[in-house]
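Good morning, and thank you for coming.

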Amino acid sequence: MAGSGATHLRGDEALLSVQDLVVEYPTDNGTVQAVSKISFDILPGETLGIVGESGCGKSTTGRAVLRLDRITSGRIRFGDEWIEEASEKRMRSLRRDMQMIFQDPVASLNPRRSVADIVVEGLTVAKTPAKERATTSVSVLEQVGLPGERFAGMLPRQLSGGQAQRVAIARALALNPRLLICDEPVSALDVSVQAQILNLIEELKAEFDLTVVFIAHDLGVVRTVSDKVMVMYLGKVCEFGDSIEMYDDPAHPYTRALLDSVPLTDPEKGFAGPPLAGDVPSPLAPPTGCRFRTRCPMAQDRCAEEEPEMREVRPGQYAACHFPLPSVTGRDLPEPAAVGAGADA
Amino acid sequence: MTTQPILEVRNLRAYIGTPRGTVRAVDDVSLDLDSGQALGIVGESGSGKSVMARAIMGLMPPRSGRSGSVTFQGRDLLALTKKEKREIWGKQIAMVFQDPGRSLNPVVRVERQLTEGMRKHLGVSRSEAHTRALKLLEEVGVPDPERRLRNYPHEMSGGMRQRVMIAIALACEPDLLIADEPTTALDVTIQRQILDLLRRVQRDRGMSMMLISHDLAVVAGRTDRVSVMYAGRLAEVGSTREVFEQPMHRYTHALLGATPTIDHVRHAPLRVIGGSLPDPTSPPEGCRFAPRCNHASDQCHTTPPPLESVGVDHHVACLSPVTVPVGAVSGGESHGR
């Protein structure tokens, strides 16, 4: 299966480990496999960036970890618990350790509650005494840069986008989570505000000892915050590796194309490389073999017949591609002997 | 580049009445667009860039007012009657909007939406309009145009819809195309295709284009000149090369520094612009960026800076402009190379 395979998993030390995750949604025209057998893991204290275009399954992946949508198959381990097996009740307390912030900051806050109430909503559910809630409320708001005396009584509609996102972050932090999943946290914000929020996430990550999953479509943003990056396309993983190594020396043609499509603030060049032709195919009927082959400039017959497995192309850099790009720094590992065996899984 | 500007905007003000007071969305903006040129307008939300485009087109909301002058090919657009405006819309000035899904009519097939304008403005026959429509779709890179003409908008992807929008805008061979955030709703690889397309048709047809975006990088490689707006005013105008190679206004400089790029140092804090946009109903008296500027003097807070020439084609409204070339500033700098 393309983009499946788990060679890039790093074993028991990982805080979160996802194996062969499949998430399906029923639609009127059949079942959509939004996420199709993907695997990844995150070590404690790491930031994993997940990038890809719309429909690639990056948000679905984030939601599946919290089990906000039904997991069709696959396993998710968080700490030493299996998420897909946990009872609803257990899940509720597990979610305290795994908090999420969303793209639209204003829409993710209850419009009728005050900021002070919103940030301790999780604690209210956990039946924390009111006194403790009040102190936490003040302190987390302080931590995200919203002085309590001014903001505590405000309603979400009185906040700017950046302030609302700070409130959402404060709400996540109030539960003292271990894992923070950020789903496009800055895409609705202006550049100047975006920088503030990104810096804030970095600061809090250090202060609260957080492990972060950072989902975004903006490659520049992801590079800035991530240690490891996972590139997804149409429900599959294309490439996984260290963010700097991958950006400087991508192995998967899709990663290359994504990087080449980012407009540069350079009046001469415009873009770093050639454009990618075509459109993302319908997830209802994904292409056979490698799902990227319909747009891939290097696709060959084999790509249509056989789905590429994830394999280590360069030390620590994994790609699901039959014909990965040669390394520009000569870090390539030798090709596996048995062509197409996919035996390294 | 010719010398005669196709569009001259002089002291344009566009105010919008709201329950909370009058929003001074565009406040005394003057700029020129030469024929055959692409001009980028960059600014964050609330900078007035879209309202400016709409004020030029005469697409203002109710309870709003405009003053100043907008001269397009020798005619004052602000003084046009409704009938005269209709003659210009589509035929001489066309517009492409951000959300291709919402700007197309969902219950009308692509063919009629594409040919409506040319049948009315150019008076072509139905069969000729059909041929032209096919040619247009081909020009904007829509595969299988014959089939697409029979599609409804919902049967197409966002990128396809935006191509159709562009084809509609080009249908009457306008002299000026205003593209308001044409790629903001699209994915990176599709955005890339659309930006390449816009620049290509603009050059091939020798058309003028106004490309509006919140993203500096979107504008950088695709325009000849660029103007940076902040809170209803122009901060900086000039040739794209000069503005990006040597941004002089403190705001432009800060904005470039705050943009994470694909070569940003990992985990290095981004340079932040503190605070937020001023209240549009009562903007600061002096420079509008002064409350957020690290280099603001007392004078900045009291006197609005005039737009002054600092180069061959480079004007800046800043009392303490940046003097160091960007490359020499600091790590984490976003210069895109």
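This is a predicted model: local features need pLDDT of at least 70, side-chain atom pairs count only at pLDDT 80 or more; totals for chains, interfaces and linings use all residues.

Let me begin with helix α1 (residues 49–57) of chain B, which is mostly covered: nine of its nine residues are buried. Here, a residue is buried if 20 or more other C-beta atoms lie within 10 Å of its own, exposed if 12 or fewer, and partly exposed in between, with C-beta atoms placed from the backbone. Helices (H or I, at least four residues) and strands (E, at least two) are DSSP runs, numbered from the N terminus.

Residues are numbered from 1 along each chain as its sequence is written, while chains are lettered from A and ligands numbered from 1 in the order in which they are written.

The buried residues of α1(B) are B:K49, B:S50, B:V51, B:M52, B:A53, B:R54, B:A55, B:I56 and B:M57. Just after α1(B) comes B:G58, with a positive phi of about 80°.

In chain A, helix α1 (residues 58–65) is mostly covered too, with eight of its eight residues buried. They are A:K58, A:S59, A:T60, A:T61, A:G62, A:R63, A:A64 and A:V65. After α1(A) we find A:R67, whose phi is positive, near 55°.

Chain A contains twelve helices and twelve strands, and the secondary structure of chain B comes to twelve helices and twelve strands.

How does the radius of gyration of chain A stand against that of a compact globule? With 345 residues, such a globule would have a radius near 20 Å, and chain A has 21 Å, which agrees. For chain B, with 337 residues, the globule would be near 20 Å, and the chain has 21 Å, which again agrees. The radius is taken over C-alpha atoms, and the globule rule is 2.2 Å times the number of residues to the power 0.38.

Along the principal axes, the C-alpha atoms of chain A fill a box of roughly 65 × 55 × 40 Å, and the C-alpha trace of chain B spans about 65 × 50 × 40 Å. Of the 345 residues of chain A, 50% count as buried; in chain B, buried residues make up 51% of the 337.

Two residues are in contact if their C-beta atoms, placed from the backbone, lie within 7 Å. Among contacts in chain A between residues at least 6 apart in sequence, 65% join residues at least 24 apart.

**One residue in a strand**

Please now find A:V231, which lies in strand β9 (residues 228–233) of chain A. Is A:V231 buried or exposed? It counts as buried because it has 28 C-beta neighbours inside 10 Å. Leaving aside neighbours within four places in sequence, A:V231 has contacts that include A:V51, A:G52, A:H252 and A:L258.

**Two helices packed within chain A**

Helix α7 (residues 161–173) of chain A and α8(A) pack at an angle of about 15°, with their axes 10 Å apart. Axes are lines fitted to C-alpha atoms, for helices over the stretch in contact, and angles run from 0 to 180 degrees between N-to-C directions. The two helices α7(A) and α8(A) are therefore roughly parallel to each other. Angles under 35 degrees count as roughly parallel, over 145 as roughly antiparallel, 65 to 115 as roughly perpendicular and the rest as oblique.

**Where the chains meet**

Finally, how many residues does each chain give to the contact between them? Chain A gives 38 residues and chain B gives 44 residues. On the side of chain A that touches chain B, the elements giving two or more residues are α8 (191–208), α9 (219–225), α10 (243–248) and α11 (253–261). The largest share, eight residues, comes from α8(A).

Across the contact, the axes of α11(A) and helix α8 (residues 188–205) of chain B come within 8 Å and cross at roughly 50°. The helices α11(A) and α8(B) are therefore oblique to each other. In this pairing, A:A257, A:L258 and A:S261 of α11(A) meet B:V188, B:T189, B:Q191 and B:R192 of α8(B).
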